[in-house]
Amino acid sequence: MFTNSHLRFGRLRRRPALKGSGDQASSQCSVWLSPLVRPSLSSLLSQSQTRGPEVWGSLLKMKLWIKTFSKTAARLLSTGVFIGCISGNGIAASKNKRQKHQLSRRSTYQALLDSVTTGKDSTKFHIINETTKVPLLAEVYGIEGNIFRLKINEETPLKPRYEVPDVLTIKPSTVRLISCSGDAGSLVLADGKGDLKCHITANPFKIDLVSEEEIVMSINSLDQLYFEHLQIPLKQRSTKENKEDTSIDASQEDQEDLGLWEEKFGKFVDVKVNGPASIGLDFSLHGFEHLYGIPQHAESHQLKNTSDGDAYRLYNLDVYGYKIHDKMGIYGSVPYLLAHKLGRTLGIFWLNASETLVEINTEPAVKYTLTQMGPVAAKQKIRCRTDVHWMSESGIIDVFLLTGPTPSDIFKQYSYLTGTQAMPPLFSLGYHQCRWNYEDEQDVKAVDAGFDEHDIPYDVMWLDIEHTEGKRYFTWDKKRFPNPKRMQELLRSKKRKLVVISDPHIKIDPDYSVYSKAKEQGFFVRNHEGGDFEGVCWPGLSSYLDFTNPKVREWYSGLFTFSAYQGSTDILYIWNDMNEPSVFRGPELTMQKNAVHHGNWEHRELHNIYGFYQHMATAEGLIQRSEGKERPFVLTRSFFAGSQKYGAVWTGDNTAEWSYLKISIPMLLTLSITGISFCGADVGGFIGNPEAELLVRWYQAGAYQPFFRGHATMKTKRREPWLFGEEYTRLIREAIRQRYALLPYWYFLFYCAHVAAEPVMRPLWIEFPEELDTFGVEDEYMLGSALLVHPVTEPKATTVDVFLPGSNEVWYDSKTFAHWEGACTVKIPVALDTIPVFQRGGSIVPIKTTIGKSTGYMSDSPYGLRVALSTKGSAMGEFYLDDGHSFQYLHQKQFLHRKFSFLAGVLINSCADKRGHYPTKCVVEQIFIQGLKKQPSSVTTHSSDGKEEPVAFTYCAKMSTLRLEKLSLNIGTDWEVHIR
């Protein structure tokens, strides 16, 4: 039994060597099975006992203790999620008694419809638990754009419960809900149009979301609403109060026996002052089998049924070399789930920043039994159903129901709430070169020169923690980087940038100005005793800035000014790492849950949003540095819903193995559909030494993914692109050059993500929502609507099976120009230089025809157009251009948005948005048309002033392609090309 052992577990991520006898002793902390992990783990051991309204709560917390859990503990240890030794303290207390007691107390909630009040913004009513009789207050909001919001809170809590601030971009505009007729035990609320209705049933409490007389979603139909009320500690109650409230006291005594008020794990003690305060609610999605979202997990794109295993956990953690195909939380959390079926897409946004579990159970149609019959119910009988059970450790129930009905509608609805992807500076879409760590200025200079010597474009050099003076952020190591401005000027001379790291932990050192000033102003997170929280991270003993405090964020933003950050220039940008936050000797390598933040909120309430706030403050700091003129670039490891507003995200500490290359695709797809378009995975794998073939394949995949960075950990072999021999250098060069050629298309896609919330990297089901065969595809994806990419993710591959969707589509191989009709799987031969990319018929993709050392060298270089004709001989595309770095596109409308169309042999360049104006001398010098089945007799260009000129052309009858070269058509003006 692990319960009596003392097993050391040492897989601490990049743990520094620390001296002192206390360090050795403190490394032996207990594995803490957190309140939400317990029910998840218990499902591995006793599935039959985890169903019902009390699936979350004290019963399941205890079940893990009842069972022999040595195998589960061993598996957890092997994942690297938990550290320390297993302790058996208090495990045996009152187990069977507690289990029977909880089962006997199973109860339901009832809505008191006679308490309904309708205000300007919402409809309110009370819900009461039949056993405790303690009331809850429910509020239903109609929100502009087919969104419903449900909030459930204690009516009169002992103190306010945490409600997540700052994630919603604005206060959502509400739509007054109209009360329709219902029977005596129900209430029907409809939006103004009457298309959507909330049918509220009183007893037992349930809400059905009805669209066009069809129930699409039911809330609490499984009776799993759970709400633990804040309680006065037992010791503070008088004898008289105890006698008057024996039922609650008995429950409280049992909870204290179980350690739910005060949990001990090694040297850590987590005291819940007002007892356990968890919440939970179930949602039944009628007719839906395919669910997606709730990152971040190293898992498949389509969410799996959890009835036979772990629930999906949302809890931001520093997990070095995370296990793949695992539902345990890693660096970030977006509590947002999408469901899709033929004809409709739905979204559930659970706005809660505490530790959260999500259970998913799909019931096939044959198992679905109706409890009611009638016109609406009868339609449900033959359909499947997926039940989703959300459980959070604390806070309130605050959930947004996004009703679509299309994927595009869902993206707009979610972005209306949380914001769209920030418009990135153009350089950040180029290639980034990183390593932990480039040793010194000479190393940086040599690597920079290596790219030029081998004719490989790149845009950004990165420096990890070793560039600082003793891991003190906003400083430079004086021996390694004695003249950081000179180093930056070298990069500037080649129109390149520098990114440096800035983590949230601050070294405890009175002589370190960042620390001393923060301490003086009380800007650190506090421990539960009132002092500054202290934990170990890269610098050794550190305190952690309390980014939840607006004053701390404002102060931190000011640290990026040139006067404050000595040695920085305007080409320096920032990387936020370790901001889960990572605490090396904390429970699960993070901060204790009873640490205290601004407003006296405990860390448990807001853990998942901590990194979001650092990301926000950093982005704002870079904007302020430029007096509001320049776009920031900030990469963050930890994130939450809405992080897309502040920059980019990556998938963390992956491993140099083929399986990690493969899993990166569904991981990025999941991030993309949950609002975070600017995402990527470390090319080559952060941990370990990739073989040359794997490295090439990873560069080929990364070139067609939004954030493109090579990165490696300390003590791995150097892996700059030219270190594997000339042949592999050529292959990597070609992959990176393909990225740069497509930059005009990438930039347009990010503009669409910014203004219209359209994902850059898209699963096939987004583009083909009515094709069932696309719903489970995760080894290929769309870039925008025009390009299908199928990275090679297997070693020594000679062929790949590519699924080309769309029965009315035609697809063109971007390398060979061969074409296929859609709705089929094609076996494509692949050599090591092959990147399977296919252009969709009916699209026009703008490219750069000349590749420079960096994006800055390419601003005036000419463009080409790749035209792929549809089965009807037509095509459309768009182009977006601005200065690539400032906010003038937004404030002064200095941008160019053009539309290309090809129909009946005429290619037209016209204005797509007359609000924008941006002068450019850039020209289209090449046009390549695929799918032109007849050789033309003449080609002419027609300018807006009526001037007509003949054009030389090359036609290939075998491939049905037409090539026009040596053109000089200004990309920002109206013109036509006539093909006769």
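Start by selecting P405, which sits in the loop between strand 21 (397-402) and helix 9 (407-418). This is a predicted model. Look at the bond that links G404 to P405: the peptide is cis, with omega about 15°.

Next, go to N437. Its loop runs between strand 22 (431-433) and helix 10 (441-453). Here too is a cis peptide bond, this one joining W436 and N437, with omega about 10°. Why stop at such places? Most peptide bonds are trans, and most residues other than glycine have a negative phi.

**Positive phi in loops**

Now select M578. Find it in the loop between strand 28 (572-576) and strand 29 (596-597). Is M578 buried or exposed? M578 is buried, since its relative accessible area is 0%, and the cut-off for buried is under 20%.

Move on to F817, in the loop between strand 39 (810-813) and strand 40 (819-821). Phi of F817 is positive as well, near 70°. With a relative accessible area of 24%, F817 is partly exposed.

**Helix 19**

Select residues 743-756, which make up helix 19.

How many residues of helix 19 are buried? The count is 12 of the 14, so the helix is largely enclosed by the rest of the structure. Colour the buried ones to see the run; among them are L743, P744, Y745, W746, Y747 and F748. C752, A753 and H754 are also buried.

Step just past helix 19 to A757. Its phi is positive, about 60°.

**Two packed helices**

For the last stop, show helix 13 (residues 550-558) together with helix 15 (residues 610-625). Two packed helices are described by the angle between their axes and the distance between the axes. Helix 13 and helix 15 pack at about 45°, and their axes are 8 Å apart. That angle makes the two helices oblique to each other. Their crossing is right-handed.

Which residues meet? From helix 13, select R553, Y556 and S557. From helix 15, select Y613, Q614, M616, A617, T618, E620, G621 and Q624. Colour this contact by type: four of its residues are nonpolar, five polar and two charged.

Note on methods. Residues numbered from 1 in each chain as written. Predicted model: local features only at pLDDT ≥ 70, side-chain atom pairs only at ≥ 80, totals over all residues. Heavy atoms only, no water. Helix = DSSP H or I, 4+ residues; strand = E, 2+ residues; numbered from the N terminus. Buried < 20%, exposed > 50% of the residue type's maximum accessible area, 1.4 Å probe, protein only. Expected span 1.5 Å × (residues − 1). Axes fitted to C-alpha atoms, helices over the stretch in contact; angles between N-to-C directions. Parallel < 35°, antiparallel > 145°, perpendicular 65-115°, else oblique. Left-handed = near helix turned anticlockwise from the far one by under 90°. Contact = heavy atoms within 4.5 Å. Nonpolar A, V, L, I, M, F, W, Y, C, P; charged D, E, K, R; others polar.
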